[in-house]
Amino acid sequence: MRSEPVAWPPVSAQAASLLEEAADLLVLHRDFAAAVEKCEAGCDSLGPGPGSSAEVKCSLCVVGIQALAEMNRWREVLSWVLQYYHVPEHLPPKVLELCILLYSKVREPQVMLEVGSSWLRDQTNKSLPEYGSLLELYLLHVLLPLGQFEGAEELVRGCDVFDGEQQLAFLGTICESRCQWTQQEEMHSAAEEQQDAATETVLGALSQKLLTMLMLLRRALRSMSSHFCLLPYKKMLLATFLLYLVVVRLDPASPTSLPFIYKLVQLFRQAWAAVFSPIHRPPIQD
């Protein structure tokens, strides 16, 4: 007998047509942006009802996830999907599987940590035939790469889908992953300690050089201070005071100011000769 074509409801038929167009744009034309637009239009045309419309909606999301990944817009995938399913517990198994694999491939498994946990705790999802495979996928691609070993052990022990042999196998895998994680942390800590030791050695050498330079600078300053103590500071102060009197208090153009100016010039000459002349030069007589 010849199989009869599936009679889609009007809304589902429209979404199915958009799904076919989106798949062609994705696979044949490689027009990923247009494929995402078709998927969004198809999902918007569908309601939250079960049955054939839910299957079409899931297929539209699968095509949309692939198109977003092809455009390197993988960061938008989870939020894009949740706008049509609203909560993680309502995600279809195929959509959840693609999301876990996608974020594991781009090394961002923490994105799916809470989403996968919420989906696996839901009682309705535990009755699905894909529950066991999704739990294994979540265990291997999310929990273990993030070092969530205690949570992984609790999840395996509390799962009724696995028998005793499967639980032992998963617990062994968790134990092995924990050992590898510990070894990597020890190697990383050893590398950090070596780097810190090298940094301390370099800083110690620089500190020693700085200390030596400061000691030399201290000696130079002490020598300069002992030299400058011999300079005629009293004459310099007197010359400065006379300059103040001439400029501020006296009128340089006045004849009465000439003796002060003459004395000031002599004092400056004597101070200049004492500071900048050679040591063996005899002192200037007043």
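Colleague: Where in the chain is confidence lowest, and where is it highest?
Modeller: The model is predicted, and the mean pLDDT of the chain is 80, with 67% of residues reaching 70 or more. Over residues 1–5 the pLDDT stays under 50, and the model has zero contacts there beyond four places in sequence. Among the helices, the lowest confidence belongs to H11 (residues 233–249), at a mean of 55, and the highest, at 97, to helix H5 (residues 93–105).

Colleague: Is Asn125 buried or exposed?
Modeller: Asn125 is found in helix H7 (residues 123–126). Apart from neighbours within four places in sequence, Asn125 is in contact with Glu89, Trp119 and Tyr131. Its relative accessibility is 6%, and because buried means under 20%, Asn125 counts as buried.

Colleague: Which backbone oxygen does the side chain of Asn125 reach?
Modeller: The residue concerned is one of the buried residues of helix H6 (residues 113–121), a list that also includes Val115 and Leu120. Helix H7 is among the elements that cover the buried residues of H6, as are H4, H5, H8 and H9. At 2.9 Å, the side chain of Asn125 reaches the backbone oxygen of Trp119.

Colleague: How many residues apart in sequence are the parts tied together by Glu21 and Lys38?
Modeller: The side chains of Glu21 and Lys38 meet in a salt bridge, with N to O at 3.1 Å. Glu21 lies in helix H1 (residues 10–27) and Lys38 in helix H2 (residues 32–45), so the pair ties together parts separated in sequence by 17 residues.

Colleague: Which residue forms a salt bridge with Glu70?
Modeller: Glu70 lies in helix H3 (residues 52–70), and its partner, 40 residues apart, is in the loop between H1 and H2. The closest N and O atoms are 3.7 Å apart, and the partner is Arg30.

Colleague: Which residues are linked with Arg178 in a network of salt bridges?
Modeller: Arg178 is partly exposed, with a relative accessible area of 30%. Its side chain meets that of Glu153 in a salt bridge of 2.8 Å, N to O. This pair links helix H10 with helix H9, 25 residues apart. The residues linked with Arg178 in the network are Glu153 and Arg157.

How values were computed:
Residues are numbered from 1 along each chain as its sequence is written. Side-chain values use heavy atoms; hydrogens and water are left out. Helices (H or I, at least four residues) and strands (E, at least two) are DSSP runs, numbered from the N terminus. Buried means under 20% relative accessible area, exposed over 50%, partly exposed in between (1.4 Å probe, protein chains only). A polar contact is a pair of N or O atoms within 3.5 Å; within protein, one must be able to donate a hydrogen and the other to accept it, and residues adjacent in sequence count only if both atoms are side-chain atoms. Contact means heavy atoms within 4.5 Å. pLDDT is the predictor's confidence in each residue, from 0 to 100. A salt bridge is a side-chain nitrogen of Lys or Arg within 4 Å of a carboxyl oxygen of Asp or Glu.
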